[in-house]
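Thank you all for coming; I would like to take a few minutes to walk through one model with you. Please have the sequence and the structure open while I talk.

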Amino acid sequence: MTKRLSLATLCAGMLLATTAQAQTSPLSLGASAGVTDVRYGTQTETGHTWEINGTLRVTNYTSLYSGYGQTSADFDNSNGTETTLTSSYIPVGVQINVPMSMGNVYLRGGGNYYQTKFGSDKDIGWGATGTVGFELQPTVGPKMAFEFTYADRGTAETSSVNVGTSIGF
């Protein structure tokens, strides 16, 4: 029995050591989703957003950020029909991390290359984006983030509250 317990302890220790080693890499990949307010012209509607993202840690306090995401919302027309706004985007930015005891608070700023479709209208271009968030990492392993993001997507503007997770390699 003690041999099995010792073997189990050794395997658990090796797994933990491997996980800790994996977290020291500067690369982290994640995903997030949330609720967003989309303003298009004079109308504002609530929709949803999702994103797959990655960060590359440059220093202990700064990271480069990029990913791919999509935002959509249904707008009511004056004739009673709905038109869906869909915005696909690629964010690129710099993230500044402020370490805390159970994670970090971060600010992210940059731009996003977007393609917004609303009915037959199509808008493609670059817009500004900004994020403030809190990343929770109580132990080694996956992290969880809560963030508020504003993005300018040409004819549309979005304000999102997201929840996400990420893991380092």
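When I speak of a contact today, I mean heavy atoms within 4.5 Å. Please also keep in mind that this is a predicted model, with a mean pLDDT of 87 for the chain and 85% of the residues at 70 or more.

Let me begin with the part I would treat with caution. Over residues 1-5 the pLDDT stays under 50, and the model has zero contacts beyond four places in sequence for them. The pLDDT is also below 50 over residues 7-22, although that stretch has four contacts in the model beyond near neighbours in sequence. Where pLDDT is low, the predicted coordinates should not be read in detail.

Turning to the strands, β1, which covers residues 27-40, pairs with β2, residues 43-57, in the antiparallel sense over 14 bridges, and within that pairing Val 38 stands opposite Glu 45. These two strands form a hairpin with two residues between them, and Gly 41 in the turn has a positive phi of about 65 degrees. β1 also pairs with β8, residues 156-168, in the antiparallel sense over 13 bridges, where the bridge partner of Ala 31 is Thr 165 of β8.

Finally, Asn 104 lies in strand β5, residues 103-118. Is Asn 104 buried or exposed? Asn 104 counts as buried, because its relative accessibility is 15%, and the cut-off for buried is under 20%. Leaving aside neighbours within four places in sequence, Asn 104 is in contact with Asn 97, Val 98, Pro 99, Gly 133, Phe 134 and Glu 135. Of these, Gly 133 is 29 residues away in sequence, with 8.4 Å between the C-alpha atoms.

Key
Residues are numbered from 1 along each chain as its sequence is written. This is a predicted model: local features need pLDDT of at least 70, side-chain atom pairs count only at pLDDT 80 or more; totals for chains, interfaces and linings use all residues. Side-chain values use heavy atoms; hydrogens and water are left out. Helices (H or I, at least four residues) and strands (E, at least two) are DSSP runs, numbered from the N terminus. Buried means under 20% relative accessible area, exposed over 50%, partly exposed in between (1.4 Å probe, protein chains only). Two strands pair if DSSP finds at least two bridges between them. pLDDT is the predictor's confidence in each residue, from 0 to 100.
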